[in-house]
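Please look through these notes with the model open beside you.

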Amino acid sequence: MRRSRWVLLGLFVGFTSYGAIHAHPQPLFANELTVGTIVVHSRDPLPANATELLREVESRLQRSPLYRADVKHHVFICDTPALYAFFNPHHPDTGGETYFWLGNQVFLRPVDFAGDRLISPLGTPVAAPRTLVYFLTHELTHAMTMDAVGLWNYLSIDRWKHDGYADFVALPDFDVEDAREKLRSGDASMDYAQSGLYRRWQLDVHDALSSGVTVEQLLTP
Ligand SMILES: [Zn+2]
């Protein structure tokens, strides 16, 4: 075989293997814990409080009409930044990603289950209210939305809607009046470009749903 054909064959095998492990990462994660519809996979054994945290995630997800008790979602805890980057090469600095192209699973960066925290790219725990429960619920809401509307429609939903709705489900204690006041005063936390936070979008989703728009209507492109 000519050298160029070997190169092409090598690329084909490489991409196919990467796709296969991305679509079915279970062999890389020895430990598994199922609570309700959530199946968490991790390389290290999960601590005793993991069940309690996942129950809280499950109860937040159940606030959404998109929740289906018969559909399980898989979450893979990537315990090193390198492992997270392997599964999310395009967004290695995010907190979590719901990957739709090869399955519909969630990948999270390193976490501290015992402290209910996600570990930021700087190596420090992300502060409350963006707890580990928050990140899990946010990403799993994306997965539920994808199940409900399908991939093609999902990709057409405005970002403020799907990230605003994911935070709406993930942050039930959101202080609406405080957010309104901060928006009026031009607080940076209400501007995604400045803060990286979805607070403005969550407020807009809250207002849309309060005005009578249904979740299904909101998430229809
Ligand atoms: Zn999101």
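1. In which helix is Ala23 found? Ala23 is found in helix α1, which covers residues 3–23. Keep in mind throughout that this is a predicted model.

2. Is Ala23 buried or exposed? Ala23 has 12 C-beta neighbours inside 10 Å, so Ala23 counts as exposed. Leave aside the neighbours within four places in sequence, and Ala23 is in contact with Leu102 and Gly103. Asp178 is another matter: 155 residues separate Ala23 and Asp178 in sequence, and their C-alpha atoms are 42 Å apart in space.

3. Next, the pair α2 and α4. Helix α2 takes in residues 50–61, and helix α4 takes in residues 132–149. Their axes come within 9 Å and cross at roughly 45°. That angle makes α2 oblique to α4. The crossing of α2 and α4 is right-handed.

4. Which residues of α2 and α4 meet? From α2 come Leu53, Glu56, Val57, Arg60 and Leu61. From α4 come Leu132, Val133, Leu136, Thr137, Leu140, Thr141 and Met144. By type, the residues of this contact of α2 with α4 divide into 8 nonpolar, 2 polar and 2 charged.

5. Helix α4 also packs with α6. The angle between α4 and α6 is about 130°, and their axes are 8 Å apart. The two helices are therefore oblique to each other. Here α4 passes α6 in a right-handed crossing.

6. The contact of α4 with α6 can be listed residue by residue. On the α4 side are Tyr134, Thr137, His138, Thr141, His142 and Thr145. They meet His162, Tyr165, Ala166, Asp167, Val169 and Ala170 in α6. The residues of this contact of α4 with α6 divide into 5 nonpolar, 6 polar and 1 charged.

7. Two backbone details deserve a check. Most residues other than glycine have a negative phi, and most peptide bonds are trans. Asp116 is not a glycine, yet its phi is positive, at about 55°. Asp116 sits in the loop between β6 (111–112) and β7. Asp116 has 20 other C-beta atoms within 10 Å, so Asp116 is buried.

8. The second detail is a peptide bond. From Ala128 to Pro129 the bond is cis, with omega near 10°. Where does Pro129 lie? Pro129 has its place in the loop between β7 (117–118) and α4.

9. After α9 comes Gly212, with a positive phi near 110°.

10. Several residues of α9 are buried: Arg199, Trp201, Gln202, Leu203 and Val205. What covers them includes α6 (159–170), α7 (176–184) and α10 (215–218).

11. How do α7 and α9 cross? Their axes come within 10 Å, at roughly 120°. That makes α7 oblique to α9. The crossing of α7 and α9 is left-handed. The contact is made by Val176, Ala179, Arg180 and Leu183 of α7, with Arg199, Arg200, Leu203 and His206 of α9. Those residues of the contact of α7 with α9 divide into 4 nonpolar, 1 polar and 3 charged. Arg199 and Leu203 are among the buried residues of α9.

12. Last, Lys182, which lies in helix α7. Lys182 has 18 other C-beta atoms within 10 Å, so Lys182 is partly exposed. Not counting residues up to four places away in sequence, Lys182 touches Asp187, Ser189 and Met190. His91 is 91 residues from Lys182 along the chain, and the C-alpha atoms of the two are separated by 29 Å.

Definitions and conventions. Residues numbered from 1 in each chain as written. Predicted model: local features only at pLDDT ≥ 70, side-chain atom pairs only at ≥ 80, totals over all residues. Axes fitted to C-alpha atoms, helices over the stretch in contact; angles between N-to-C directions. Helix = DSSP H or I, 4+ residues; strand = E, 2+ residues; numbered from the N terminus. Parallel < 35°, antiparallel > 145°, perpendicular 65-115°, else oblique. Left-handed = near helix turned anticlockwise from the far one by under 90°. Contact = placed C-beta atoms within 7 Å. Nonpolar A, V, L, I, M, F, W, Y, C, P; charged D, E, K, R; others polar.
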